[in-house]
Amino acid sequence: MSNAHTAIHGDHHPVDPSVPVEYHEEENSLRIAGFWVFLGSDLVLFSCLFATYVVMHGRVAYGPTSQQLFDVTGFTIETIALLFSSFTCGLATYEMRRGNRNAMVTWLFITVALGLVFLGFEIDEFVHNVSIGATMQRSGFLSAFFTLVGTHGCHVTMGTLWMLSVIIQLIRYGITPITARKAFIVSIYWHFLDAVWIFIFTVVYLTGKVV
């Protein structure tokens, strides 16, 4: 079923086409609101990690510094991939509102692919750092760096798997208030991760290359 405005409830209540499909049920609105609360708690987590990193940035213990470790090409590609994935995720939401399941699934697949590109470069960066002895145990700076960037990477990994599960449900059941709600929530989550990365790109990588 690809029509976003088709009534799917057992009692066949009329569906208001002026309301986004993910808000067609009161329970969906409550779940979406609850997810915003969760993101608030996640924001507190990242705020603490950012504060720790800023304090520990100069504590290198005679080990490698951010200027020596950070690769401009690598973190630039990561940033482009994640920013563009946020755009494709937004296109998926747009197609969902239009009731176009096939286009929606296509954009979500592209979003997942870009997320995997991001993760591939991040994993390569971590492996390279460890191979030259720049491990978490080496200094306070590296402990804070791996914790902050690694926590974001874990979130992206979870978001990628989550989005794949939503894609499977969309393929099986089409666009319904339930699958639309799940897709909308995972899109909020993905945009949040993109926003966090912008701060990581600025505070960690750009600043780290000059300070």
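How close do the axes of helix 3 and helix 6 come, and at what angle do they cross? In this predicted model, where local features need pLDDT of at least 70, side-chain atom pairs count only at pLDDT 80 or more, and totals for chains, interfaces and linings use all residues, the axes of helix 3 (residues 72-98) and helix 6 come within 10 Å and cross at roughly 160°. Residues are numbered from 1 along each chain as its sequence is written, and side-chain values use heavy atoms, without hydrogens and water.

Axes here are lines fitted to C-alpha atoms, for helices over the stretch in contact, with angles from 0 to 180 degrees between N-to-C directions; helices are DSSP runs (H or I, at least four residues) numbered from the N terminus.

Now turn to helix 4 (residues 101-131), whose axis comes within 13 Å of that of helix 6 (residues 177-210), crossing at roughly 30°. These two helices are therefore roughly parallel to each other.

Rings of Phe, Tyr and Trp (its six-membered ring) pair if their centres lie within 6.5 Å; planes under 30 degrees apart are stacked, over 60 edge-to-face and the rest tilted. Phe 145 and Phe 146 form an edge-to-face pair, 5.4 Å centre to centre with 70° between the planes. Both residues are buried (under 20% relative accessible area, with a 1.4 Å probe and protein chains only).

Key: Buried < 20%, exposed > 50% of the residue type's maximum accessible area, 1.4 Å probe, protein only. Parallel < 35°, antiparallel > 145°, perpendicular 65-115°, else oblique.
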